[in-house]
Amino acid sequence: KKKYDYLIVGAGLFGAVFACEAKRAGKSCIVVDKRHHRGGNIYCEDVDGIHVHKYGAHIFHTDNKEVWNYVNSFVEFNRYTNSPVARYGDKLYNLPFNMNTFYQLWGVTTPAKAKVKIEEQRGEFAHIAEPANLEEQALKLCGKDIYEKLIKGYTEKQWGRAATELPAFIIRRLPFRFVFDNNYFNDAYQGIPIGGYNALIDALLGDTEVCLATDYFKNRAELDGVAEKTLFTGCIDEYFDYRCGHLEYRSLRFEEKRLEMENFQGNAVVNYTEREIPYTRVIEHKHFEFGKQPHTIITYEYPDSFAPGKEPYYPVNDEKNSRIYADYRQLAESVPNVLFGGRLAQYTYADMDDTVAAALALCKTEL
Ligand code: FDA
């Protein structure tokens, strides 16, 4: 018999939930991660008391009561509510589009007046029957003001292409809210773990053995020998040595700054919707946890293309990549004693609640 029941490749949220449940089921696990820290993409670095989201802003939100109760059994969550602000020129607009936004755009003070204004804006583009691109689609849905101030530049930066060159289907509908409610999410539950995401990961991993700075592929022969079964949460194309092709991602580039001031922008998330400003968002991390430190840490977020060596952030779920992934999926079925899970092995964008739910589902069938 081998030393462990499970080798878990990846100390991210998926691997950590599996490790926790495996232990509860009486199984022994060892976790390896190539990074120098646990937590995968939800890892935060503590900079003099401010938890800095190193791989992009993370806000836990869910409609899944079981998942919410599950994570709350490990850590308490604070009352953080995501309410991003958009900046265009020197004007600020609340998001998502709601009565506050309409008031800021047009001075309209009631839902009835806002609806009239939006109809008037859309009316100009009523002649567009079949939008040929994202620009036409957006104009048809919301008219010129919202499109030019809040959608065009941001979208063009995100995709690295002109809105007239982007397919219309990217925007199917625009949710308008006729109430004064800046809560970005519609989910019943949201918040940030008190003590940060590392507290959640630490609670999940408990005393499970974790080997950091250990790349599975550089120690494959040895690692394959230590456990009866493996849970692999890394990139599925790398697992199979890219034999069906490389899966594509879009990446992000972060520029972090420490400022010796208490409060830089008064909000955790500010979107910059002008095309001329190269970054899409500025994150001020302390506001996720209502920090009162005398200093602050901000991160400028730039969309970035993907290349080997860069962080894979967003899968490109187009036809070509979906086909490649299907080939890998088929290969994965044929590997005995190896489970594949998590966002990289499943080539999917999954919010944290989906990740927890998927890991718990795997535990149910496996353990
Ligand atoms: P994750 O990538 O976290 O973990 C995989 C681990 O495997 C990594 O630690 C990696 O180092 C390790 N690994 C890979 N290959 C290896 C190898 N060969 N050897 C050893 N280790 C290896 N969700 C949400 O609910 N709210 C939010 O606000 C956000 N925000 C957000 C922003 C951005 C920019 C992104 C990309 C994603 C989000 N998410 C999110 C989603 C969230 O990040 C996601 O659900 C979880 O991090 C997924 O956890 P995993 O464990 O699947 O992957």
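A residue is taken as buried when its relative accessible area is under 20%, and because Cys-29 of this predicted model has a relative accessibility of 8%, Cys-29 counts as buried. Cys-235, with a relative accessible area of 15%, is likewise buried. A search of the whole structure returned zero disulfides. For Cys-29, which is in no disulfide, the nearest cysteine sulfur belongs to Cys-363 and is 9.3 Å away, whereas for Cys-235, also in no disulfide, the nearest cysteine sulfur is that of Cys-244, at 14 Å.

The shell around the ligand holds 33 residues, of which Asp-33, His-58, Ile-59, Ala-350 and Met-352 come nearest. By residue class, the shell divides into 17 nonpolar, ten polar and six charged residues. Helix H1 (13-24), helix H11 (342-345) and helix H12 (352-366) each contribute at least two residues to the shell, and the largest share, three residues, is supplied by H11. A polar backbone atom of Met-352 lies 2.7 Å from an oxygen atom of the ligand, and a backbone N or O atom of Leu-13 is found 3.2 Å from an oxygen atom of the ligand. A nitrogen atom of the ligand, in turn, is 3.1 Å from a polar side-chain atom of Asp-351. Taken alone, the ligand exposes 1,000 Å², and the protein buries 97% of that area.

Asp-33, one of the residues that come nearest to the ligand, is also in contact with Thr-214. Thr-214 is placed in the loop between strand E9 (209-211) and helix H8 (220-224), and because its relative accessibility is 18%, Thr-214 counts as buried. When neighbours within four places in sequence are left aside, the contacts of Thr-214 comprise Val-32, Asp-33, Lys-34, Asn-219 and Leu-223.

Strand E7 (residues 91-94) contains Leu-92, which touches Val-85, Ala-86, Arg-87 and Gln-104 when residues up to four places away in sequence are not counted. Although Leu-92 and Asn-271 are 179 residues apart along the chain, their C-alpha atoms are separated by 9.6 Å. In the loop between E7 and helix H3 (99-106) lies Pro-96, and the peptide bond from Leu-95 to Pro-96 is cis, with omega near -15 degrees.

Most residues other than glycine have a negative phi, and most peptide bonds are trans. Against this background, two residues other than glycine with positive phi values may be noted, namely Asp-48, with phi near 50 degrees, and Phe-290, with phi near 55 degrees. Asp-48 is situated in the loop between strand E3 (44-47) and strand E4 (50-53), and at 53% relative accessibility Asp-48 counts as exposed. Phe-290 occupies the loop between strand E13 (281-284) and strand E14 (296-304), where, with a relative accessible area of 33%, Phe-290 is partly exposed.

Note on methods
Residues are numbered from 1 along each chain as its sequence is written. This is a predicted model: local features need pLDDT of at least 70, side-chain atom pairs count only at pLDDT 80 or more; totals for chains, interfaces and linings use all residues. Side-chain values use heavy atoms; hydrogens and water are left out. A disulfide is a pair of cysteine sulfur atoms within 2.5 Å. Buried means under 20% relative accessible area, exposed over 50%, partly exposed in between (1.4 Å probe, protein chains only). A residue is near a molecule or strand if one of its heavy atoms lies within 4 Å of it. A polar contact is a pair of N or O atoms within 3.5 Å; within protein, one must be able to donate a hydrogen and the other to accept it, and residues adjacent in sequence count only if both atoms are side-chain atoms. Accessible areas come from the Shrake-Rupley method with a 1.4 Å probe; for residues, only the protein chains shown count as cover. Helices (H or I, at least four residues) and strands (E, at least two) are DSSP runs, numbered from the N terminus. Ala, Val, Leu, Ile, Met, Phe, Trp, Tyr, Cys and Pro count as nonpolar, Asp, Glu, Lys and Arg as charged, and the others, Gly among them, as polar. Contact means heavy atoms within 4.5 Å.
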